[in-house]
Amino acid sequence: MVKPMIKERRRHSRAKRILSIEYRLYKSKRRHSDPEWHLSTTEDVSPEGLSFYSDHEYHQGDILDVRVVMSGLLEVIKGQCEVVRAEQKRLGACFFIALRFASFGQTDKPTPVGRSKRITKRSYSSNKRI
């Protein structure tokens with residue numbers, strides 16, 4: 001028997017990528033911000049957001065400071081993200097957290113580090129000798 005296709009609500013496809021992620025609570029209606037950074041790995045990544053497992057509980061609408069690092073050296077994403085889904089897993093004491101880049105679709109969205117400025121041609125004056 002073939003499973004019926006479920007209509008996806010996502011606008012972008014997700015890629016299963018395991019990258020290091022550092023995160024901390026920036027803003028929440030339920031509790032104060034948390035100055036400590038926590039570590040985990042991403043479950044999947046898309047142009048609009050990412051997901052990961054956390055030992056700390058967050059709620060929908062919370063804003064997290066996020067830094068995603070590849071190979072421990074290259075900072076891929078740095079910015080604030082909004083929690084759009086938080087589920088406690090049955091086995092173990094962890095939470096599945098899905099984030100959306102807080103300012104997605106605006107000019108100040110979190111961008112890959114090093115690619116935020118556009119490279120433009122420089123006009124050089126010709127040095128003619130007289």
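1. Let me begin with charge pairs. Searching the whole structure turns up 5 salt bridges, a salt bridge being a side-chain nitrogen of Lys or Arg within 4 Å of a carboxyl oxygen of Asp or Glu. One of them pairs Glu22 with Arg67, with 2.9 Å between the closest N and O atoms. This pair ties together distant parts of the chain, since Glu22 sits in strand β1 and Arg67 in strand β4, 45 residues apart. Strands here are DSSP runs (E, at least two residues), helices are runs of H or I of at least four, and both are numbered from the N terminus.

2. A word on what you are looking at. This is a predicted model, in which local features need pLDDT of at least 70 and side-chain atom pairs count only at pLDDT 80 or more, while totals for chains, interfaces and linings use all residues. Residues are numbered from 1 along each chain as its sequence is written, and side-chain values use heavy atoms, with hydrogens and water left out.

3. How confident is the predictor? The pLDDT, its confidence in each residue from 0 to 100, has a mean of 76 over the protein chain, with 67% of the residues at 70 or more. Contact means heavy atoms within 4.5 Å.

4. On the overall make-up, the protein chain has 6 strands and 0 helices. Of its 130 residues, 28% count as buried. Buried means under 20% relative accessible area, exposed means over 50%, and partly exposed lies in between (1.4 Å probe, protein chains only). When contacts between residues at least 6 apart in sequence are considered, 53% of them join residues at least 24 apart.

5. Another set of charges deserves a look. Arg85 forms a salt bridge with Glu87, whose closest N and O atoms are 3.2 Å apart. Lys89 also pairs with Glu87, here with 3.7 Å between the closest N and O atoms. Through shared partners, Arg85, Glu87 and Lys89 are joined into one network. Relative accessibility is 34% for Arg85, so this residue is partly exposed. Glu87 is partly exposed at 33%, and so is Lys89 at 28%.

6. Which residues does Leu64 touch? This residue of strand β4 counts as buried, because its relative accessibility is 0%. Apart from neighbours within four places in sequence, its contacts include Leu25, Phe52, Tyr58, Cys81, Val83 and Leu99. Leu64 and Leu25 are 39 residues apart in sequence, yet 4.6 Å separates them in space, C-alpha to C-alpha.

7. The His38 side chain makes a polar contact of 3.0 Å with the side chain of His56. A polar contact is a pair of N or O atoms within 3.5 Å; within protein, one must be able to donate a hydrogen and the other to accept it, and residues adjacent in sequence count only if both atoms are side-chain atoms. Setting aside neighbours within four places in sequence, His38 is in contact with Ile21, Glu22, Tyr23, His56 and Tyr58.

8. Finally, the surface. The protein chain exposes about 10,800 Å², of which carbon and sulfur atoms supply 50%. Accessible areas come from the Shrake-Rupley method with a 1.4 Å probe, and for residues only the protein chains shown count as cover. Met70, Leu73 and Leu74 make up a nonpolar surface patch with about 340 Å² of accessible area together. Patches are made of residues with over 30% relative accessible area and no salt bridge, with like charges joined within 9 Å and nonpolar side chains (Val, Leu, Ile, Met, Phe, Trp, Tyr) within 5 Å. Leu73 is in the loop between β4 (63–70) and β5, and is exposed at 80% relative accessible area.

Conventions
pLDDT is the predictor's confidence in each residue, from 0 to 100.
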